[in-house]
Amino acid sequence: MEIEGGEVPKLEGYVDWRKGPVDKSRQGGLLAAVFVLVAEVFENLAFLANASNLVTYFHQYMHFPLAKSANTVTNFMGTSFLLPLLGGYLSDAFMPTFVTVIAFAGIELVGMVLLTIQAHYPSLKPETCDMKELQAGICEQAHGAEAGMLYIGLYLVALGVGGLKGSLPVHGAEQFDENETKERRLRSNFFNWFLFSMCVGSLLAVTFVVWVQDNKGWQWGFSISTVSVLLTLFAFVGGTTVYRNKIPQGSPLTRIAQVFVAAMYKRRIVMSQLHDGNDMDDVRERERSAMETADPLLHTVQFRFLDKASIPDPSCSSARGQESPWRLCSVTQVEEVKIMLRVVPIFASTIMMNCCLAQLQTFSVEQATTMDTTIKNFKVPAASLPSIPVICMIILIPIYDQAFVPIARRITGKETGITHLQRVGVGLLLSILSMAVAALVETKRKNVARNHGLLDSAGPLPITFLWVGLQYLFLGLADMFTLAGLMEFFYTEAPSGMRSLATALSWASISMGYYLSSVLVSIVNTITSRIGNGVGWLAGNNLNRNYLDRFYWLLCVLSALNFIHYLMWSIWFRYKNQPN
């Protein structure tokens, strides 16, 4: 591929910061990835510092009812994790991931500033209320300009976070050449260490920043997040001269649409000539240079109806002797679409686990606020509970990456030790266990409230909050296996020109999980209010009178059914360029 001046870059499809050829000895590799990892620490600190404790902010300061507070958080989180699809699309189609990261970090910064200003000035918030008034539901909720400023700031942050998460991990992965075995292994290590960086940022967020929010004021908590976004920019820009920047290859959605349109147009063509993948070689030769990709793909027999898109039709030829790209596609282009179709069921199978994960930012935090959160005279903020799985992950990720993977690699012969789908499957099993544990712990908590006559008390119950830490531990371990496994799976399997968009599916799965959580809460409340005493399982502001334990058991059953669904699709799945 030629670039400015007619020179050929030393690494095809990539340029340096001056848009010149990439020197592999000076650009890319571990050094470039380190800047991305450091930037991720600050990025996740800024995001998680608020996400882990926002339900308390909405309930106690904006006076939203408990269920509305939980749904507002899950909607915000869901949007934040859905928008990486936008960031991924822009990176694949129009601008390098380097530019995408800087642009969306600026957007997040504006949103953080708005939230900081609102938290600082009392006139921009509802009047204060005590806990008894909140439980009675008589406090005035944020509305009008107050609510408008809140939601504008909140969703500017969501947009910025989405763009960053859709481009930052991909930019790091692009620093490694997949055509070299050593760099492929380093790329696999990178995804594990990217998750490690997320955990370091999370730990700082749910300990130090949450303590500041609860003890010094939310204006200081939001201020720390604002500074953290600035540090994200500084850390990322610091690696400018050593980055390999991938050249966008055009809209992946256009390429996908062309295959479907061409296949539909030729739906009546007989496919007898497609019995052997070798028969498609002449079709590949006819592809125009603009449609070529860096990684030609083998013909597969799945989704055979799409193969019609690559069959020439003389009646469609133009005056120049060349068919329209909406009438004739290459085998490689068709296989790219097949790959994206194959990963969709895997993506869908992980949504339920992320629905369980959504409880960590909502109901699990509210559980902890009703319990004894002191450890040797030190009061631990309830929103710091996620530090339990985060600390475990910080310890276990290096062990997994440096000990387990090399041993498994020698046993299985696979570069990643175990397959990506096996890793995701372990995470799904752990999510089932976590919901069963959560249900049992909630039953124990309510029994303590009932036995001590404290069902209607606003004070803490005589039971330590560390019991709730068990569900955080299992869900955190589930996330360790699933998230990094999914990111590497989508990046590795995706076609070269669709990797940012495909990798964003790992975040979109989290998004769908948060939205599913909101929908399930609404459905459960609606149905149980009709068959019960007029009040849903999760409708009241008094958690001691709700039936959160039953909701957790429902999630446990749904997760088990989802795992069976995942097993079916993982057996059916065919990896890229795997022989038929």
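Rings of Phe, Tyr and Trp (its six-membered ring) form a pair if their centres lie within 6.5 Å, and planes under 30 degrees apart count as stacked, over 60 as edge-to-face and the rest as tilted. By that rule, the structure on screen holds 26 aromatic pairs.

The model is predicted, so to speak of local features a pLDDT of at least 70 is needed, while side-chain atom pairs count only at pLDDT 80 or more and totals for chains, interfaces and linings use all residues. Residues are numbered from 1 along each chain as its sequence is written, and side-chain values use heavy atoms, with hydrogens and water left out.

Select Tyr57 and Phe222, an edge-to-face pair with 5.5 Å from centre to centre and 85° between the planes. Tyr57 belongs to helix α2 (residues 54-60) and Phe222 to helix α9 (residues 218-237), so the pair ties together parts that are 165 residues apart in sequence; helices here are DSSP runs of H or I with at least four residues, numbered from the N terminus. Both residues, Tyr57 and Phe222, are buried, a word that stands for under 20% relative accessible area with a 1.4 Å probe and protein chains only.

Next, select Asn53 in the loop between α1 (29-51) and α2, where a relative accessibility of 1% makes Asn53 count as buried.

Then show Phe47, Phe76, Phe81, Tyr155, Trp507 and Tyr514, which form one aromatic cluster.

Finish with Lys444, whose charged end sits over the ring of Trp467 at 4.9 Å from its centre, and with Arg499, whose charged end sits over the ring of Tyr491 at 4.8 Å from its centre; this requires NZ of Lys or CZ of Arg within 6 Å of the ring centre and within 35 degrees of the ring normal.

Definitions and conventions:
Helices (H or I, at least four residues) and strands (E, at least two) are DSSP runs, numbered from the N terminus. Buried means under 20% relative accessible area, exposed over 50%, partly exposed in between (1.4 Å probe, protein chains only).
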